[in-house]
Each structure stands twice: as structure tokens, then as C-alpha cells.
Amino acid sequence: MFNTGFVLSFALLLSFPLLFLFAPRILPSKHVQITLPDELDDLALFRRATLASLKIDNNLHRRPHNHIRLGTTNPSSAKPKIAFLFLTNSDLHFAPIWEIFFANHSNLYNIYIHADPTVKISPPGGVFEGRFIAAKKTERGTATLISAARRLLATALLDDPKNSYFALVSQHCIPLHSFEFMYNSLFSYPITEPASPNAPMFRSYIEILDGEPQLWDRYITRGKEVMLPEVPFDRFRVGSQFFVLTREHSLLVIKDRRLWRKFRLPCLNKDSCYPEEHYFPTLLSMEDPEGCTHYTLTRVNWTGSTGGHPHTYGSAEVSAELIKRLRVSNSTYTFMFARKFSPDCLKPLLNIAKKVIFRD
């Protein structure tokens, strides 16, 4: 018979590999988790937005230039709107630039701001005043950024049935063209042959890439087979966090439950954890790849990036030449936004706003 000391030592020896295997799943995470109350709040919001959208005649949003709400007598209100969704955890330093961008177009846009409630933010005035939505804490490298984007989409869908495009931007983003240029670019080029009678008339602008060098590491960051069977590796995609979605695709995003159950799971390897860069491209690639351009409208400079962050432009780099370079795309679409700019860029950007940025 084995003595008690030997049995205890042997059991302790066996416990070490098990501890390393299961500790990341058992021990509380140091990162922000999506709690059950938060999840239920979001589901209720998504359900309200979905039901409200179902009551709207489908053709109302498939033909944007014929958007006419019952009881509307003002012809200007018949035009579709762009919902600008600001996702931030700091002050909106470039609000003065956006104020110029939005000037004289009050009937053609709406603004919604999701600001991390645990961070002290100075609320901007002007067109941004009163545009903050009910928000939850966010953290880089977690699914909270997906939740925040879905929360913005649902709020915008519920708020105004004329919201037809939904542009997600950050506090570090600036516009690269005038509002007129962007609006006309989005609504002037419908899909000539929609896939079906109920298919969107316009495409969404979201980056969708496969075959990227780090894709496998990102795929297994929650565990080697955790994403199966819903998301096999050959359907897993990566793309920019920021996008411009049609109303139909925005509804698709907030109605999703199947893929969300996978992407909301915490990562085991934080160095490969960028849920917001995978969830939206993967979902839309699976559901409607032909309805997406596979390109983003937000220019980001990844040259010399550090810690997963892109190059941040400083005030000395701001010039008319920079704006013109940032507009150029390797696709048929010009970039409409750019990031990432430091707060000290505001003054030099304002100096060239009317003569360069908003002169197309």
C-alpha cells in the first residue's frame, strides 16, 4: 500500500499541469467582462430596435431617395440620413472639425456617442450636445468594444427610421472630405443587380480580409477548437474596427446571437485578442459577402505601429499634402476618414479645414 505522504505528493505533482491548463478559464479575469445584467440590457435594446424596424415598410430603406415617413409634409425630411457613431473613452478633441463638417446639413445626419462611463469626459456642445447614449465600460482586447458598437447601431436604428448608413468612428478620427462629397458618394452608386428582391440597394464599406499572417493565432486565442462549429477557420476574417454599414447590415448585426456566443468568450492570449476586428468582418462575410465592398473608408497608417496601435500623427505632420495622401485608396473608393491624430493636431487642422479638407 502507498503511504499517505506519497499519495499527496503524487496528487500535487499531477495538479500542476491541470492548474496551467484550466486556470485561465477558472480564475477571474483582470479584464472587463460582459456581465449577465449588461447582456440582458443589450438584448432588450436589440429586440426593441429589431421590432421597430420590422414595422417599417421594407421599400422605405431599400430606395433611399424615396424615404417618406407617413405624415411627413417637409420634402427635405424625405432624404435618407447618415448616422455617425462615435466610440470613445476620452474627450472628443476634434469636435470643432466635425462641427464644420456637419454645418448646414442638419436634416441629413444624426450623431450618437458611446463614451466609457468610468472615464471623466468633458461633454462637447454644439451638434454633439445631448447625443450621448446609455453606455457600458469598454476595454481594448475584449468583446466590450463589439458590444459598444452594437449598442450604437441599435440606438441609431431605434431613434430614426431615416438613418440609412451607419458610420462608426473614434475620437481620433477626422473627416477627409466635405459632408456633401461623402453623402453623394454613399447614395449615388446603388448595386445595379441586387442578389434578391430583398437585398440591400447599397453596399456596406467594411474591410474583410483572409490569409493574413497572424490569422491563425487570432483564431485560436480563445482555445484551439472553441470557435467550432459556428466559425471554422476558413470562414474566419479580419478587418478594420471602423466601418460604414447599410441599415440592412446593421439590423443583421444586432439580430445575431449565433456568432456572438463565440466572439464574446474571453481570450487566453491577450496579445492576439482583437475581437472587434474579427466579429463584424466574419459575420458579414458569412451572411452577405457580395453586399460588402471589403474595403474600409477609414485610412489608418500601420507603418511603424507599436503594441497593436497605428501611427499617431502629430501637429508637425499636419499639412495639405498629408490630407491629399490620406484620401488616396488602392481601391475605387476614396477614404472618407483618417486616424489616428493626437489632440495637438486640432489647431493646424482647423487652419486648413475650409481651404483643404472640405474643398473637394
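Of the 360 residues in the chain, 52% are buried. Secondary structure comprises 12 helices and 9 strands. Among contacts between residues at least 6 apart in sequence, 80% link residues at least 24 apart.

The mean pLDDT is 87, with 83% of residues at 70 or more. Values remain under 50 across residues 16–29, a segment for which the model has 6 contacts beyond four places in sequence. A further stretch, residues 63–76, also has pLDDT below 50, and 22 contacts beyond near neighbours in sequence are present there in the model. Where pLDDT is low, the predicted coordinates should not be read in detail.

An open sheet is formed by 3 strands in the order E4-E9-E8, with mixed pairing. The pairing of E4 with strand E9 (residues 337–339) is antiparallel and extends over 2 bridges. Within this sheet, isoleucine 174 has alanine 338 of E9 as its bridge partner. In general, the strands of a sheet pair through backbone hydrogen bonds, in either a parallel or an antiparallel sense.

Technical notes
Residues numbered from 1 in each chain as written. Predicted model: local features only at pLDDT ≥ 70, side-chain atom pairs only at ≥ 80, totals over all residues. Heavy atoms only, no water. pLDDT = per-residue confidence, 0-100. Contact = heavy atoms within 4.5 Å. Helix = DSSP H or I, 4+ residues; strand = E, 2+ residues; numbered from the N terminus. Buried < 20%, exposed > 50% of the residue type's maximum accessible area, 1.4 Å probe, protein only. Pairing = 2+ DSSP bridges.
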